[in-house]
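Dear colleague,

I am handing over the structure below, and my notes on what was found in it follow directly after.

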Amino acid sequence: KSTLLPFLAEVSKDRDFASVHPVSALKRKGLEPLVESVLKLLPEQPALYAEDEITDKSQRFLAGELVREQLMRQLGAELPYATTVEIERFEVDGAMYRSGAVVWVERETQKAIVIGKAGARLKEISTKARLSMEALFGNKVFLETWVRVREGWSDDEAALKAFGYE
């Protein structure tokens with residue numbers, strides 16, 4: 001305290017802070033006054049989203065993220081850094097969701113890594129992504145997955161924009 005308090009006074013001298021709170025995460029000291037100060041500064045307003053809304057992203061976007069997740073889980077360190085997923089098709093057909101996902105890589109050798117021996121790795125990625133989609137969407141999902149090569153896509157500004165990167 002003998003070092004901290006003079007330091008806080010010096011740092012705060014020429015600044016207009018709303019408040020300064022020394023906190024010990026280890027001993028959990030000073031947390032309540034910090035929370036009280038922050039709550040006083042936050043504006044009150046109606047909720048921006050409905051209580052049951054879990055995200056502002058579309059189901060199409062979430063489908064792509066679930067395929068991406070399985071790519072990372074299944075390939076680990078083998079995952080080529082220049083890999084992305086594009087959902088080409090996402091349709092609701094009654095109680096069935098039909099989705100077409102393309103895994104884009106930059107070289108044929110990367111394509112072979114993603115597909116695996118006799119397509120086993122891609123099948124595993126697709127199956128687990130489909131099961132995750134069914135759990136999230138609460139419907140049956142038909143998922144088709146392809147791996148395509150587009151050389152240099154990660155350096156192509158138009159391609160990056162098309163894949164949703166800006």
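A charge is counted as sitting over a ring if NZ of Lys or CZ of Arg is within 6 Å of the ring centre and within 35 degrees of the ring normal. By that criterion, lysine 57 lies over the face of phenylalanine 61, at 5.2 Å from the ring centre.

Please note that this is a predicted model, in which local features need pLDDT of at least 70 and side-chain atom pairs count only at pLDDT 80 or more, while totals for chains, interfaces and linings use all residues. Residues are numbered from 1 along each chain as its sequence is written, and side-chain values use heavy atoms, with hydrogens and water left out.

The search of the whole structure gives 3 aromatic pairs, where rings of Phe, Tyr and Trp (its six-membered ring) pair if their centres lie within 6.5 Å, and planes under 30 degrees apart count as stacked, over 60 as edge-to-face and the rest as tilted. One of them joins phenylalanine 90 and tyrosine 97 edge-to-face, at 5.7 Å centre to centre and 90 degrees between the planes. The rings of phenylalanine 90 and phenylalanine 137 have centres 5.9 Å apart and planes at 80 degrees, so this pair is edge-to-face; it links distant parts of the chain, 47 residues apart, with phenylalanine 90 in strand S1 (residues 84-93) and phenylalanine 137 in helix H5, helices (H or I, at least four residues) and strands (E, at least two) being DSSP runs numbered from the N terminus.

Best regards
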